[in-house]
Amino acid sequence: MRNKGRKWQGMAAIGLVLVMGLADVALAAEKIVIGGMYPMTGRGGRYGLDSVAAAEIAMEEINAKGGVNGRMIDLIFTDDKSSTSYAVKVANRYIKEDKVNFLMGVVSSAVGLAVTEVSKENKVIFVGTDHASTALTMEKFQPYYFRVSNNTYQSAAAAALYATGKKEWKKYYVIGPDYEYGHRTWEDFWMLLGKKRNDVKMVGQAWPKLYEPDYTPYITAILSAKPDVLVTSFWGGDTVAFIKQALPYKLFDKMKMFNYDAGGNYEVLEALPNTLPKGLVLSARHHNNWPDTKENKEYVKKFKAKTGRYPSYAAEGAYAGVYFIAEGVRQAGTAEDSDKLVAVMEKMKFKLPEDPPGFTSYMRPIDHQVVQVQAIGETVPNKSFPPATMMLGNWKIYKAEDIIPSAEEILAARKAAKK
Amino acid sequence: MDANLVAAQLFSGLTSAMTLFLVASGLSLIFGVVNVFNFAHGSFYLLGAYFAYQVVSVSGIPFWPGVLLAAVGAGIAGGIMEYVFLRRIYGRGGEAGFQILLTYSFILIIDDVVKMIWGTDYKSIERPESLSGPFALGDLSVPRYDLVVILVGILVAAGMWWIIRKTRFGRNLRAISANREMASCLGVNVPLTLSLVFGMATALGGLSGALSAPTRTVTPGAGIEVIIGSLIVVVIGGLGNFWGAFVGALIIGEVTAFGILFLPQWAILFSYAVMALVLVFRPEGLLARKGSA
């Protein structure tokens with residue numbers, strides 16, 4: 001009898017495993033699985049953690065309303081360590097083992113360029129958030145890639161329009177981190193400004209290494225060149241360090257500082273309470289106090305409630321990514337058929353917290369780059385988002401269609417890259 | 001070239017040099033006496049910066065006592081790392097490999113601990129009121145705070161010279177550096193001395209971090225750039241040589257500062273070029289001498 005009991009026990013266990021396996025398969029087919037990759041350690045950690053939190057908010061909102069076509073959204077995240085080789089491994093694991101429907105991320109453009117190759121090979125859609133190199137939508141474009149936050153070309157184009165209007169800005173000095181992002185951000189701007197103004201000139205350039213802790217030797221060099229405008233293509237902590245070190249030299253009394261891509265990120269504003277100077281001209285991919293709409297306020301409030309802090313711009317990119325995917329699946333009626341999804345997504349409109357009244361972000365078929373309004377502001381006293389004591393204000397708004405590369409430019413760039 | 005500009009650049013080079021020296025001298029001291037290459041040394045710079053943030057900005061302790069506390073805190077953390085972990089690998093076969101693994105892993109551990117405690121946002125400490133302004137130099141100005149950093153660097157260098165050359169503790173250090181077994185036979189308490197040296201050296205790193213906190217970015221990961229800079233400095237000066245770190249830091253600080261003044265677009269090149277030249281013509285470092293910690 002004892003033996004028989006054992007046998008039954010064994011059978012029951014096997015049966016249970018089988019049933020559980022089936023249930024698991026059934027669940028997996030039910031859910032829309034998004035494989036997220038963000039840095040969660042080191043310098044990009046803030047961007048990654050903010051992205052994860054905002055993506056979760058989007059997921060909770062969508063699932064609370066019953067999901068998409070009756071299917072729930074499921075997010076999985078892995079720290080990509082800002083490493084290309086590691087992120088490629090994670091992306092492959094997501095596709096082959098976790099059977100994700102979509103890839104989403106990443107902060108570093110270098111990692112983005114690597115992951116887009118995995119996406120292309122496996123025909124799994126990769127939704128880019130935050131990383132900004134124009135190359136991904138221009139020269140290195142592949143049909144399964146979409147980017148839901150603006151690229152450096154868009155912020156550079158808005159900046160060129162801003163600078164065109166500043167007649168007194170004639171002598172430019174540029175300082176930025178010595179890698180693709182730093183250079184590209186400046187080059188796009190300078191090329192576009194050159195088309196509008198022939199009375200501007202560059203009086204100097206400096207390219208310290210990324211994460212350089214000490215900018216003081218550069219600051220004296222900049223002061224001695226006496227530019228009207230100092231363009232900085234720093235992001236994050238490098239902007240913070242540069243401002244801290246330039247302050248005692250009274251650099252900001254002697255020239256305008258212009259950082260149009262990432263300088264206006266909230267993490268920079270909050271890092272310098274009481275000391276951030278007035279009148280810096282900055283922008284970012286999302287602003288906590290612009291546009292002044294119900295949607296944006298709600299989004300910022302929810303983020304603050306969840307994390308206890310105000311979001312940096314990366315967060316809104318990830319939030320947008322989840323909504324973009326959800327809307328695509330809803331319209332295409334599938335999360336599995338990538339080609340059908342691409343056909344829908346590349347013409348899709350989707351409303352985001354950063355959209356001003358009367359505008360809805362949309363995707364462009366030619367480059368799968370989201371088309372968005374860009375706002376550039378100046379630092380002004382504003383204590384509504386503590387610990388920051390300055391926020392951006394005196395906004396200049398640039399129409400989405402005025403700051404995107406034309407189809408001809410894109411095709412020409414792709415042709416040139418093939419040679 | 002304007003004389004004021006040259007002077008301003010000289011000061012900025014000196015400031016960088018002193019910040020580097022504080023980290024690199026500790027790195028060199030640990031290598032010279034403990035015979036460990038401490039990859040995690042930059043992380044004590046990071047800890048010093050966060051400790052300073054904690055005691056000055058959060059707890060409201062005045063700036064200078066706060067900086068001192070931060071340095072002591074980093075030193076205690078360093079002493080613990082030596083006592084609990086490093087001590088276990090001394091003299092093991094293939095020790096170098098274990099050293100690299102262990103000290104490198106501490107970079108990651110300390111970074112993550114910092115992130116868990118203080119989060120990922122950038123922290124700020126304000127300079128003391130009396131030092132927040134500039135010091136006029138013709139139509140250019142030099143931050144007053146930088147002058148104090150230079151002064152602290154020189155005082156520390158002098159103090160270390162006194163400790164190493166004139167005290168009993170210093171004599172023990174030199175003895176251990178020359179021959180650990182012999183020193184032990186002659187009654188030097190080697191394990192205790194090693195812990196103290198490690199603590200002292202990491203306190204110097206912490207001091208550098210605390211002093212830099214008002215002018216640099218306090219963020220997880222900030223230790224990495226510092227350890228790279230210090231590595232260049234000790235290679236130039238001679239690994240394990242305290243004064244080598246001083247000379248190396250001065251060379252790197254000033255060469256970088258003046259290089260940037262004349263050729264800002266080649267900024268990254270200078271310190272590596274100096275290192276390459278030293279490696280070609282004097283690979284043991286400018287001031288290398290055996291047993292001269």
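**Close-ups of a two-chain predicted model**

**View 1. Strand β8 of chain A, covered on both faces.** Val229(A) and Val231(A) on one side of β8(A), and Leu230(A) and Thr232(A) on the other, are all buried (20 or more other C-beta atoms within 10 Å of a residue's own; 12 or fewer is exposed, in between is partly exposed, and C-beta atoms are placed from the backbone). Strands here are DSSP runs of E with at least two residues, helices are runs of H or I with at least four, and both are numbered from the N terminus. This is a predicted model, where local features need pLDDT of at least 70 and side-chain atom pairs count only at pLDDT 80 or more, while totals for chains, interfaces and linings use all residues. Residues are numbered from 1 along each chain as its sequence is written, with chains lettered from A and ligands numbered from 1 in the order in which they are written.

**View 2. The neighbours of β8(A).** β6(A) runs parallel to β8(A), joined by 4 bridges (strands pair if DSSP finds at least two bridges between them). Look for Tyr173(A) opposite Leu230(A). β9(A), residues 256–259, also pairs with β8(A) in the parallel sense, over 3 bridges, and here Val231(A) stands opposite Phe258(A).

**View 3. Helix α6 of chain A and what it packs on.** This helix covers residues 180–196 and reaches 25 Å from first C-alpha to last, close to the 24 Å expected (1.5 Å times one less than the number of residues). Its buried residues include Trp186(A), Phe189(A) and Leu192(A). The buried residues of α6(A) pack against α4, α5, β6 and β8 of chain A (contact means C-beta atoms, placed from the backbone, within 7 Å).

**View 4. Helix α4 of chain B.** Phe106(B), Ile107(B) and Ile110(B) are among its buried residues, and the buried residues pack against α2, α3 and α9 of chain B. Just past the helix, Gly119(B) takes a positive phi of about 80°.

**View 5. Where chain B meets chain A.** Here 38 residues of chain B are in contact with 40 residues of chain A. On the chain B side, α1(B) gives the most, with 7 residues.

**View 6. Tyr319(A) and its contacts.** Leaving aside residues up to four places away in sequence, Tyr319(A) touches Ala54(A), Ala55(A), Ile57(A), Ala58(A) and Tyr299(A).

How values were computed. Contact = placed C-beta atoms within 7 Å.
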